[in-house]
Amino acid sequence: MTYTENGLCISLDELKQLVERVENENKYHNMEACIYIKGGKYPEIKQYCCYAECFPTVHTSGARREIKD
């Protein structure tokens, strides 16, 4: 995953892995069965917990940045 001037670039292999992680988080860690994509200069992909006391999983935390700030 890389932030580019055109937006967040995700290869097909990375996208498949992301879907698998989201499914596993849902199945084994009480996370929602959906993701939320927040736009902006550095878009975020988050998955929230089914319970309020849990922190969301940020699936873009390891994305590289090619954009010059």
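The model is predicted, so local features need pLDDT of at least 70, side-chain atom pairs count only at pLDDT 80 or more, and totals for chains, interfaces and linings use all residues. Residues are numbered from 1 along each chain as its sequence is written, and side-chain values use heavy atoms, with hydrogens and water left out.

**Confidence**
- The mean pLDDT (the predictor's confidence in each residue, from 0 to 100) of the chain is 90, and 96% of its residues reach 70 or more.
- Among the elements, helix α1 (residues 12-28) has the highest mean pLDDT, 96, while strand β6 (residues 64-65) has the lowest, 84.
- Where pLDDT is low, the predicted coordinates should not be read in detail.

**Overall layout**
- The chain holds 1 helix and 6 strands; helices (H or I, at least four residues) and strands (E, at least two) are DSSP runs, numbered from the N terminus.
- The C-alpha trace spans about 35 × 25 × 15 Å along its principal axes.
- Of the 69 residues, 23% count as buried; buried means under 20% relative accessible area, exposed over 50%, and partly exposed in between (1.4 Å probe, protein chains only).

**The helix and what follows**
- The 17 residues of α1 should span 24 Å at 1.5 Å a residue, and its end C-alpha atoms are 24 Å apart, which agrees; the expected span is 1.5 Å times one less than the number of residues.
- Just after α1, asparagine 30 takes a positive phi of about 55°.

**Around threonine 60**
- Look for threonine 60 in the loop between β5 (57-58) and β6.
- Threonine 60 counts as buried because its relative accessibility is 5%.
- Leaving aside neighbours within four places in sequence, threonine 60 is in contact (heavy atoms within 4.5 Å) with Met1, Tyr3, Leu8, Pro43, Glu44 and Ile45.
- A polar atom of the threonine 60 side chain lies 3.4 Å from the backbone nitrogen of isoleucine 45.

**Glutamate 44 and its partner**
- Glutamate 44, one of the residues in contact with threonine 60, is partly exposed, with a relative accessible area of 26%.
- Glutamate 44 forms a salt bridge with lysine 46, and the closest N and O atoms are 3.7 Å apart.
- A salt bridge is a side-chain nitrogen of Lys or Arg within 4 Å of a carboxyl oxygen of Asp or Glu, and the structure holds 1.
- Side chains of opposite charge can pair when their charged atoms come close.

Methods:
Polar contact = N/O pair within 3.5 Å; in protein donor to acceptor, adjacent residues only side chain to side chain.
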